[in-house]
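Open your viewer and keep the selection tool at hand.

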Amino acid sequence: MEKKKLVNYSKFGYLFAIPFFLTFLVFTLYPICYTLLLGFTNQEGAIPPKLKILKDPLDNFKYLFKKRSSGSMSFFLESLITTARIWIVNFIPQICLALLLSAWFTDNRVKVKGQGFFKVVFYLPNIITAATIAILFNTLFAYPKGPINDLLTSMKILKQPFNFVLSKTATRAIVEFIQCWQWYGSTMITLIAAVIGINPEIFEAAEIDGANRWRKFWNITLPSVRPIMLFTLVTSLIGGLSMFDIPQLFATGGPDRATTTIAIYIYNTAMKKPYKYNRAAAASILLFFIIIFFSALLFYFMRDKDAAKLRKLKKQELKNAKLAGKGA
Amino acid sequence: MATNEEVMSTKKPEVAMRSRKTDSIIFKTIIYIVCVILSLLSLFPFVCMLINSTRSSASIMANAVALIPGKEMMHNLKTLNRMETFNALTGLKNSFIISAGVTVLSVYFSCLTAYAIHAYDWKLKKAFFGLIMGIMMLPGTVTMIGFYRTCYQLHLTDNKLMLILPAIASSQMVFFMKQYLEGALSMEIVESARIDGASEFRTFNTIILPIMKPAMATQAIFAFVGSWNNFFLPLILFNKTKNYTMPIMVSLLNGDIYRREYGCVYMGLSATALPLIVVYLCLSKYIVSGIALGSVKG
C-alpha cells in the first residue's frame, strides 16, 4: 500500500493529453504554419508551380493593401470594412434586445409567464443550419412574387414588388437582420444566466431603498453582467469576422460586393479562378492576427484580477525574501 | 425619475398602490406584446416554408403567403427526387456519418484531455492548458488554405475522415469539461479506485466517464448540431456529389434550375430543417440550459 501511493502518476497526464496534442499538431498547428508559409510563396493557379519564396516575400501582403487601378480601396480592405459594418449593425440591436429581454424575464415583480416557450422560440433560428436559413430568406425575398413582397404590397407599404437582392443597402440590411435574428436568443439566454447569478439580496436592498426598475437595471444589473457582456462581445466579434454562410448563400457576396466578407474574399481568392492560394493565405494570416489580438484583449479583461494581484504580491514577497537573504 | 418618486410618496398609500398595480399591468402588457411579435418573427419564416412546401408552384406564384397547407406535398417531393444534383438521402447520410463521428470523438477525447489536466500534476500542464485557451477562439477560416492545400497534395480531399478526425482536439469542449470536472469530481474516488488496483485508463473509463455524463450529454448535442450545420469546410474539401453534406445540398437549391419550382425549393428546405426542428423541440430543455455555458457565435 505504502509503495503504491508513491507511484508517480504524472506520466498519465502526458499520456492522456497525447491524442489531443497530436491532433492539434496535425490539424491546427501545421495548417497554420503552412498557411503562413504559402503567404510568402508563388503558389497559384490550378496546378501551382514548384513552391518558391517570392523575391519580395511580402508581395502578397502588399497586394492586399494596394489600391485598385480605379483608385478605390483594395478588395481586401473593402471586405474587412464590409465585415465590420455587418457585424456592428447586427450586434448593437442584438445586445440591446437581449439585455432588454433578460431584464424582463428576470424581473421578480413581474413574473413573465410562458418564459420557457419564449426562450425556446427565440433560440430556434440559431439551431437551424445557416445554409438553410440563407436560402430560405432568399426565397422569402424572391422577386417579383415572394412572401415578403406579397405581404408588403398587400399591406400597401410598397406600391410594387421590390427586387431586394439587387439593392446593396437592402441586401446588406437583410444579412444584418438574419445575423441579429439568429443570435439574439442565444445572447439573451447567456445574459439571463448572468443576471440570475447576481446575489438577490442586492436587488432586495435596492428595493427597500425605493429604487425603481430602471435604477435597478442601470445600477445593479448592467454593472454585474459587464464581464459576460464583454465575453459575448468578443466571441461574437470573432464569430462575425469569419462570417461566411449567410452572406455567401443569400446573395453570393453581392450585389456589387456589398456583402463580401473576409471569409468570402478568402474563399473566392483561393477556390475560384485564377486560384491565388498565396494571396488567400496572406489574407488568412492577417485575419489570424486580428483574431489573436481580440482574443488576447478578452483574456486580458477576463483575467482573474484578484488572483493576478495575489501572484504579484507573492512574487514581490519572494523578491524581498531573496534580497533580505542576500543582505544577511 | 426623482420627481416621479416624490409624487408617489406624497399620494395617499392606496392610490400609490393602485397606480403601481396599473403600472405593472401596462408594463406586463408591453412585455407580452413584444414577446409575441418576436415569436411571430422567429416562427414566420419556418411556418411559411412548411406550408409552401405542400403547395404547388403555380399557387405560390399566385399568392406566396398562405395559412392553409396545400395538397401538393407528394408532387413536390417527387419533383425534388427527380432533380439530379439535390439528393436529400445522400446528404442526410453523409451529414449523419460526419456528425456522429465528430460527436463521439470530441466528447470522448475532450473528457480524456480534461481529466489529464484536472487529475494529474505534470510539468507542462500549465503551458498545455494555456495552449487550449489560446486556440479556443480560432475559427476554421484561418487554417483553411493550408489545410486544403495539404489535403489536396496528399489526395485526401473528398475524405470524410478529414472532417471527423480534427474533432479529437476540440479545445472549447476540453475547457468546458475541465470546468465541470472541477465541480463534480473529488480525487478521493480516484484514490480509492487506485487502492482497489484499477489501472488509470480503466478508472477513467469506468468511474470518471459516468460521473461526466450530464456534461457529455449537453456537449454532445452542441457538437452534433455544430458539425451538422458546418458549411464552410465540407464546401472546400468535398468535390464529389456523393460526399455532399446536407448544407451543401441545400446550397444547390439556389441554382437556376429551381427558379421556377418554388414548391420544390420549399420542400427541399423543409427536408433539411425539419429533422433539426424536431430534434430541437425534443431536446430544447437541455439545449436552452446548455447555451449559457458558452459557445462561439456569429
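Helices (H or I, at least four residues) and strands (E, at least two) are DSSP runs, numbered from the N terminus. By that rule, chain A has 15 helices and zero strands. This is a predicted model, where local features need pLDDT of at least 70 and side-chain atom pairs count only at pLDDT 80 or more, while totals for chains, interfaces and linings use all residues. Residues are numbered from 1 along each chain as its sequence is written, and chains are lettered from A and ligands numbered from 1 in the order in which they are written.

**Stop 1: chain A**

Select chain A. Its C-alpha atoms fill a box of roughly 85 × 70 × 45 Å along the principal axes. The radius of gyration, taken over C-alpha atoms, has a globule rule: 2.2 Å times the number of residues to the power 0.38. For 328 residues, a compact globule would come out near 20 Å, but chain A has 27 Å.

Now colour by burial. A residue is buried if 20 or more other C-beta atoms lie within 10 Å of its own, exposed if 12 or fewer, and partly exposed in between; C-beta atoms are placed from the backbone. In chain A, 40% of the 328 residues are buried.

Contacts come next. Two residues are in contact if their C-beta atoms, placed from the backbone, lie within 7 Å. Take the contacts in chain A between residues at least 6 apart in sequence: 67% of them join residues at least 24 apart.

**Stop 2: chain B**

Switch to chain B. Here too the count is 15 helices and zero strands. Of its 298 residues, 41% are buried. Among its contacts with a separation of 6 or more, 76% are between residues 24 or more positions apart.

**Stop 3: where the chains meet**

Show both chains. 82 residues of chain A are in contact with 76 residues of chain B. Which helix of chain A gives the most to this side? Select residues 10–38: helix H2 of chain A does, with 17 residues. For residue classes, Ala, Val, Leu, Ile, Met, Phe, Trp, Tyr, Cys and Pro count as nonpolar, Asp, Glu, Lys and Arg as charged, and the others, Gly among them, as polar. The side of chain A that touches chain B has 52 nonpolar, 23 polar and seven charged residues.

**Stop 4: a helix pair in chain A**

Two packed helices are described by the angle between their axes and the distance between the axes. Axes are lines fitted to C-alpha atoms, for helices over the stretch in contact, and angles run from 0 to 180 degrees between N-to-C directions. Select H11 (residues 226–241) and H14 (residues 277–302) of chain A: their axes come within 10 Å and cross at roughly 175°. So H11(A) is roughly antiparallel to H14(A). Angles under 35 degrees count as roughly parallel, over 145 as roughly antiparallel, 65 to 115 as roughly perpendicular and the rest as oblique.

Show side chains. Residues of H11(A), including A:Phe231 and A:Leu237, meet residues of H14(A), including A:Ile290 and A:Phe294. This contact has 15 nonpolar, one polar and no charged residues.

**Stop 5: a loop residue**

Finish at A:Leu158, in the loop between H7 (147–154) and H8 (168–196) of chain A. Is A:Leu158 buried or partly exposed? It counts as partly exposed, because 14 C-beta neighbours lie inside 10 Å. Leaving out residues up to four places away in sequence, A:Leu158 touches A:Leu152 and A:Thr153.
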